[in-house]
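Me: I am new to reading protein models. Could you walk me through one, feature by feature?

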Amino acid sequence: MSTAMDRIAPLSPNAWLRLDVVARMFPAGAADVLEIGCGQGGFGARLAQRCDYVGVEPDLSSFRVAEQRLRMAGAGRVVNTRLDGLPAALFDVVCAFEVLEHLDDDAEAVRAWRDRLRPGGWLLLSVPAYQHRYGPADELVGHVRRYDPAALHALLTDAGLVDVDVRHYGMPLGYLLETGRNLLASRRLAGVRGTSGHERSAASGRLLQPSARLRGLLHRWGTAPFRWMQRAAPGTGPGLVARARLPHPNDDEPTRSGSTTEVDPR
């Protein structure tokens, strides 16, 4: 199954590092999942093996790739729209990986995502870490900001979410990958300076994404030792994964999404 998924939906090296943390933070017992900005469906194809999965992707090119990958994976669906174009529905988990940093009003976005949760449900997201690390790669892909852990924690708390857990990922490989992206971006910035942040954000889901099956396998096995290494340094890294819960009307009683479980990242 792992080899098949790597062929269907290959991941970039950085996505493998991120998935290692997301898998360990994913809420147990989740029956249905909404992913905001699912890109080309790398995470979605994997989440759909465990849950009733819906992905939202406004970029048409990325949507078409994600749609094909989910079809090949045999589970889940993706729609080519924004969140406000999705029929009203509530989910056990709402995910948004590498999305929040692109949005002008991040507080409004978090509230909108929160409003798609059932009571007791979880918001799970990832963002680049530390504003002082903002560089050419961030500018190239339309990032508005990066996040200090305390600021991200406060953003989620201010939206009325509880049990906030913010973790780093990417030590040490993520720093090397980020350096390489900044070097590449510094040479490409001149060609996109006339484009809007929205256009850059739309294209970001396609940038540096692997399409070849062999490359997907190489990324999986090549990052394996670094995924173990980052577990030994949970307090440092150039990326953040955060999880927070929408309070349940009776929090004295357990909810079905009240703990974490390993999501098989293979």
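Predicted model: local features only at pLDDT ≥ 70, side-chain atom pairs only at ≥ 80, totals over all residues.

**Reading the surroundings of a strand residue**

Me: Where is Ser126 placed, and is Ser126 buried or exposed?

Reply: Ser126 belongs to strand β5, residues 117–128. Its relative accessible area is 0%, so Ser126 counts as buried. Its side chain also joins that of Glu98 through a polar contact of 2.6 Å.

Me: How do I read a nonpolar core?

Reply: Here is the general idea: in soluble globular proteins, nonpolar side chains tend to be buried together. In this chain the largest nonpolar core has 33 residues, and Phe26, Val33, Cys95 and Leu124 touch the most other members. At least two residues of this core come from each of α1 (2–8), α2 (13–25), α3 (42–47), α4 (60–73) and β4 (91–97). The largest share, seven residues, is supplied by α2. Another core, of 31 residues, lies apart from this one and includes Leu34, Ala109, Ala129 and Leu246.

Me: How many residues of α2 are buried?

Reply: The helix is mostly covered, with 11 of its 13 residues buried. Among them are Trp16, Leu17, Arg18 and Asp20. End to end, α2 reaches 19 Å between its first and last C-alpha, close to the expected 18 Å.

Me: How do I tell which side of a helix faces inward?

Reply: The general idea is that an α-helix has 3.6 residues a turn, so residues three or four places apart point the same way. Now try α4, a helix of 14 residues that spans 20 Å from first C-alpha to last. Its buried residues are Ser62, Phe63, Ala66, Arg69, Leu70 and Ala73. They lie on the same side of α4 because they cover an arc of only 130° around the axis. The face turned away from that buried side carries the exposed residues Arg64 and Arg71. Just after the helix, Gly74 takes a positive phi of about 80°.

Me: What does the side chain of Arg145 reach, and where is Arg145 placed?

Reply: Arg145 sits in the loop between α6 (136–140) and α7 (149–158). With a relative accessible area of 14%, Arg145 falls under the 20% cut-off and is therefore buried. Its side chain reaches the backbone oxygen of Leu103 at 2.6 Å, and a polar contact of 2.9 Å joins it to the side chain of Tyr147. Beyond neighbours within four places in sequence, the contacts of Arg145 include Glu101, Asp104, Asp106 and Gln131.

Key. Residues numbered from 1 in each chain as written. Heavy atoms only, no water. Core = buried A, V, L, I, M, F, W, Y, C linked by side-chain atoms within 4.5 Å. Buried < 20%, exposed > 50% of the residue type's maximum accessible area, 1.4 Å probe, protein only. Helix = DSSP H or I, 4+ residues; strand = E, 2+ residues; numbered from the N terminus. Expected span 1.5 Å × (residues − 1). Arc of directions from axis to C-beta. Polar contact = N/O pair within 3.5 Å; in protein donor to acceptor, adjacent residues only side chain to side chain. Contact = heavy atoms within 4.5 Å.
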